[in-house]
Amino acid sequence: MTCSKGQYAKPHEIETIPGTEGWERMYPYQYQFVTDDPERQKYEEESFWFYDGLHYPEPVYPFDMIWDEAWYLALSQFNTRIFSVPPVFGVDHRIINGYPYISPVAVKDPAVIEERIAHFMERAGYYYENWDELEAKWEGKMRETIDKLEKLEITPLPELEDIQVVRDGLGESKGYHLLKSYDQLIDLGIRCWQYHFEFLNLGYAAYVTFLDFCQRLFPDIPAQRVTQMISGIDVIMYQPDEELKKLARRAVELGVQATLRTSTEFSVVEKALQETAPGREWLIAFEEARYPWFNVSTGTGWYHHDKSWNDDLNIPLSSITMYADKAEKGECLDRPTKAIQEERDQITAEYRALIATDQDRAAFDQLLQTAKTVFPYVENHMFYVEHWFHSVFWNKVREVGVIMKDHGLIHDVEDIWYLKRGEIKDALWDMVTAWATGVKPRGAVTWPKEVEWRKGVMDKFREWRPEAAVGTVPEVIQEPFTVVLWGVTSESLQSWSEIQDTDDLDSVTCFNGFAGSPGTVEGVARVCRTVDEIAGLKEGEILVSPTTSPSWAPVFSKIKGCVTDVVGVMSHAAIVCREYGMPAVVGTGLATKIVKSGQMIRVNGSTGEINII
Amino acid sequence: MSVDKPWVSWFDDCRREMVEQVGGKCSSLGELINAGIRVPPGFAITVAGYEHFMAQNNVLDEIDVMLKDVDPQDIATLEKLSLKIRNKIEQMPIDTEFEDQIAEFYRKLSVRSCMPAVAVAVRSSATAEDLPGASFAGQQDTFLWVRGIDEVLAHVRRCISSLFTGRAIAYRIDMGFDHRQVGISVGIQKMANSFAAGVMFTLNPSNGDRSSIVVDSNFGFGESVVSGEVTPDQFRINKVSLEVLNRTISDKEICYTVDPKTQVSIKTEVPEERRKVQSVTDKELVELAKMGKLIEQHYGCPMDIEWAVDKDMPEGGNIFILQARPETVWSNKAAEVVSTAKGSSAMDHILSSMMAGKKVK
């Protein structure tokens with residue numbers, strides 16, 4: 001089957017789900033596909049828009065769109081205006097029924113490309129040459145941004161301002177401070193995403209180049225063998241999991257592991273530990289590990305409902321208990337890093353020896369080295385941005401939500417996510433001026449009604465299945481971020497659309513994804529859509545999930561294989577599975593919808609094939 | 001018989017550089033055995049043995065006379081002469097000393113194989129055959145399932161006589177080779193009672209990728225695969241990680257097996273229910289790939305290999321290599337530089353890769 005032009009629906013022909021009419025107002029207006037501007041409509045029809053399923057396995061809440069807007073700007077500005085990536089400008093965004101679609105924008109004029117090349121060589125060249133130094137600087141900027149976020153105070157509106165305001169002659173109210181803090185909160189979020197993309201696309205470009213070169217040398221080489229050549233490098237993304245293991249070992253040393261098992265409720269366990277000296281000592285170690293490491297999210301960090309370990313200490317507790325059991329039995333908790341490195345070196349040497357010319361061998365060595373240089377950033381930025389920053393950020397927004405609830409603008413703190421960030425600013429103005437004036441805010445009636453309606457719309461969005469792509473398929477994609485993360489190859493889109501064409505998903509017994517981590521395994525499938533469901537995982541089962549994040553790491557010592565809906569080969573699930581030496585197939589599109597918990601499945605991590613048996 | 005020029009020689013004593021003494025096939029089998037590759041045991045009637053045999057009755061002088069002034073384009077005359085020569089050779093006696101030697105080797109081979117009168121393959125091993133660039137392949141004969149010393153001797157003569165087919169004679173005249181200077185050796189090798197067999201390339205013949213091993217396989221003897229009579233199962237194995245990455249299971253209508261009554265190889269239909277069954281297990285494929293890798297390492301170039309899984313042997317020791325020769329199609333091409341970057345810095349490569357982009361189709 002070939003992927004012919006026009007195989008996908010026109011973006012403007014996707015129908016609005018009955019009962020959701022007017023949904024567009026939940027998202028920034030520039031995200032709409034439009035029919036009232038012929039030039040824009042033509043551009044939209046001729047572009048290739050694919051569903052950003054990696055970041056959005058479910059529809060986006062109006063507030064959560066902040067990260068989409070943030071990376072829309074950040075990635076695009078670095079490509080277009082800062083590094084001058086020659087063949088491509090930014091990545092354009094749209095939204096259909098709550099699901100974001102993206103499209104890389106190619107530079108069409110060869111003369112413009114030529115101009116951009118010189119700039120790119122100078123600018124990107126500078127970053128590659130000074131990578132380590134700039135990366136250290138980056139970490140400083142990130143830590144400063146997170147520090148500001150953590151220190152940001154969201155203060156409720158008092159009945160009467162403190163007398164100190166008068167005595168200090170401050171001349172400002174808490175109402176004004178709340179507006180200012182909210183602006184700062186949003187600003188920090190946007191700033192953190194500016195930094196997120198400072199290195200990322202250059203990192204991906206180096207990786208794509210190495211991958212591409214290896215595939216030209218060896219047309220049959222599986223992508224996972226290429227990533228294997230840069231595996232075994234220590235990155236902080238593994239640190240949260242390492243902290244759990246440390247705490248487990250410490251518990252065994254202090255002899256408090258039995259106390260850990262007394263309950264799955266951390267508060268109960270904590271109380272019991274407080275009563276003994278070793279228990280208290282262990283709790284000190286526990287508190288030390290929490291900041292920053294327990295800011296790791298149980299999801300991708302992209303949704304407000306992705307809890308961090310700090311949000312729910314029962315999650316790390318259950319993993320610590322599991323590790324303590326293993327430690328007590330004398331099992332080794334360490335990842336087989338040495339074996340991974342040895343295998344990596346052997347595979348690299350064997351492929352290298354098969355290269356026919358000295359010139360290509362030299363290029364191989366150089367590109368491998370560059371890929372190894374960029375790899376730690378590509379992994380580590382996620383801890384700083386999507387985990388640490390986001391986890392703290394969501395809770396700061398909740399603090400705003402608490403105040404809004406107190407003033408009747410929303411009925412529940414969690415309703416705040418149904419408002420766009422700009423709408424929250426408007427509502428806060430309404431609320432603050434009403435507070436200042438001593439009247440009821442207008443929004444106390446309008447927002448709860450609107451939120452109710454939006455909840456219904458979101459429910460309908462959730463039942464809808466987004467098309468893998470819309471618009472016109474291009475011949476090549478040159479945008480590095482797009483190439484790597486979504487692995488937009490004809491195969492993945494084709495296999496997705498083949499399954500999409502099947503009306504009855506229950507009849508599918510065989511489907512494909514990317515070979516993520518080699519090996520074949522058979523076992524009972526456990527479908528986990530969120531981290532809350534991983535508690536039900538039994539030893540030796542195969543995890544089937546929309547995606548995984550580093551905070552799921554502890555389950556990897558329990559399961560024997562992993563299948564995900566979304567993700568490219570550089571993805572977390574693939575990397576972790578390779579580190580644990582278990583088979584994984586990633587980017588299957590619909591695994592969580594096809595496979596049912598309890599079914600026997602066969603996962604071939606070498607070919608990417610999954611069979612229900 | 002002189003000590004340094006034996007008439008009969010175990011494969012174990014043959015080496016790659018002994019093409020002139022034992023022909024391409026036998027020297028290559030000896031080389032494989034000595035590289036630690038499992039090859040069905042056997043022995044060679046050496047070129048010295050052939051020369052000794054031909055020296056009897058001055059048969060070469062007679063052939064010279066017969067072929068004097070023959071027109072290589074005159075196929076009818078050539079065929080008539082060929083038949084006459086071959087009949088003569090096939091009826092020529094082998095002297096007692098030589099016959100005793102062959103019989104003794106055959107007896108020892110039977111003992112080694114734990115079988116009375118072991119079934120063997122008798123093949124010609126020409127001194128110019130199987131060499132890259134001068135392929136005489138297919139011009140000499142192969143006889144399978146030969147049992148008993150009398151049969152062995154008869155087929156050794158037939159192999160020798162195959163040097164004088166009409167085509168071979170014409171070829172030599174065209175190429176200006178003297179009939180007297182061409183030698184032949186004959187290999188006598190234990191038949192692999194193959195459950196499945198086929199060929200293996202230690203590169204991907206479709207794209208030249210040296211990180212792949214491609215195996216073609218069918219049930220029974222390898223003839224069905226080698227001759228192209230059947231679309232075999234095809235497997236692509238990663239040479240580095242030894243994983244089976246790709247498999248195409250074909251509808252295999254026929255295969256060659258041994259007729260239990262006549263003990264000769266016959267073409268039979270594969271039963272309906274087995275046709276679409278994978279003919280070789282994944283475990284065996286991995287084992288095969290390992291052998292392929294070893295052979296390639298030993299020869300230092302991509303190889304074209306014939307193999308069989310012997311049903312008489314236990315798992316773990318049942319895969320045999322029947323033949324190995326350097327792959328010629330891709331190996332004869334000049335190595336191309338893949339890198340398209342204008343300069344040699346990482347930036348040059350990154351730019352070049354970015355400009356090329358990723359094909360969506």
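Start your tour in chain B at the hairpin of S8(B) and S9(B): five residues lie between the two strands, and Leu242(B) takes a positive phi near 60 degrees there. Keep in mind as you click around that this is a predicted model.

**Stop 1: the hairpin**

Select Leu242(B) and display its backbone. This residue is not a glycine, yet its phi is positive. Its place is the loop between strand S8 (233-238) and S9 of chain B.

S8(B) and S9(B) run antiparallel and are joined by four bridges. To see one of these pairs, select Ile237(B) and look across to Val244(B), its bridge partner in S9(B).

**Stop 2: along S8(B) to the next strand**

Stay with S8(B) and show its side chains. How many of its residues are buried? Five of the six are, so this strand is mostly covered.

S7(B) and S8(B) are joined by six bridges and run antiparallel. Pick Asp216(B) here, and you will find its bridge partner Gln234(B) in S8(B).

**Stop 3: the whole sheet**

Zoom out until you can see the sheet that these strands belong to. Which strands form it, and in what order? Six strands of chain B make an open sheet in the order S9-S8-S7-S6-S12-S13, with antiparallel pairing. At the edges sit strand S9 (244-248) and strand S13 (319-326), each of which pairs on one side only. Turn the view slowly and compare neighbouring strands: on average they are turned by 20 degrees against each other, direction ignored.

Strand S12 (residues 303-310) of chain B pairs with S13(B) in the antiparallel sense, over seven bridges. Select Met303(B), and opposite it in S13(B) stands Pro326(B).

**Stop 4: another positive phi in chain B**

Jump to Cys114(B). Here is another residue that is not a glycine but has a positive phi, this time of about 55 degrees. Look for it in the loop between helix H5 (96-112) and strand S3 (120-126) of chain B. Cys114(B) counts as exposed because 8 other C-beta atoms lie within 10 Å.

**Stop 5: how confident is chain B?**

Colour chain B by pLDDT. The mean for this chain is 87, and 94% of its residues reach 70 or more. Where does pLDDT stay under 50? Select residues 129-139 of chain B to see that stretch, for which the model has 20 contacts beyond four places in sequence. Where pLDDT is low, the predicted coordinates should not be read in detail. For the model as a whole, the scores are ipTM 0.81 and pTM 0.82.

**Stop 6: where the chains touch**

Show both chains together. In the model, 29 residues of chain B are in contact with 51 residues of chain A. On the chain B side, helix H10 (346-356) and strand S14 (358-359) each supply at least two residues. Highlight H10(B), the source of the largest share of this side, with eight residues. Colouring this side of chain B by class will show twelve nonpolar, ten polar and seven charged residues.

**Stop 7: two domains of chain A**

Across the boundary, 18 residues of domain 1 of chain A are in contact with eleven residues of domain 2 of chain A. On the domain 1 side, helix H8 (239-254) and helix H12 (314-328) of chain A give two or more residues. The largest share, four residues, comes from H12(A).

**Stop 8**

Select Tyr291(A) and Pro292(A). The peptide bond from Tyr291(A) to Pro292(A) is cis, with omega near 5 degrees. Pro292(A) is found in helix H11 (residues 277-293) of chain A.

Finish at Glu150(A), in helix H4 (residues 131-151) of chain A. Glu150(A) is partly exposed, with 16 other C-beta atoms within 10 Å. Select Lys396(A) as well: Glu150(A) and Lys396(A) are 246 residues apart in sequence, but 8.5 Å apart in space, C-alpha to C-alpha.

Terms used. Residues are numbered from 1 along each chain as its sequence is written. Chains are lettered from A and ligands numbered from 1 in the order in which they are written. This is a predicted model: local features need pLDDT of at least 70, side-chain atom pairs count only at pLDDT 80 or more; totals for chains, interfaces and linings use all residues. pLDDT is the predictor's confidence in each residue, from 0 to 100. Two residues are in contact if their C-beta atoms, placed from the backbone, lie within 7 Å. Ala, Val, Leu, Ile, Met, Phe, Trp, Tyr, Cys and Pro count as nonpolar, Asp, Glu, Lys and Arg as charged, and the others, Gly among them, as polar. Two strands pair if DSSP finds at least two bridges between them. Axes are lines fitted to C-alpha atoms, for helices over the stretch in contact, and angles run from 0 to 180 degrees between N-to-C directions. A residue is buried if 20 or more other C-beta atoms lie within 10 Å of its own, exposed if 12 or fewer, and partly exposed in between; C-beta atoms are placed from the backbone.
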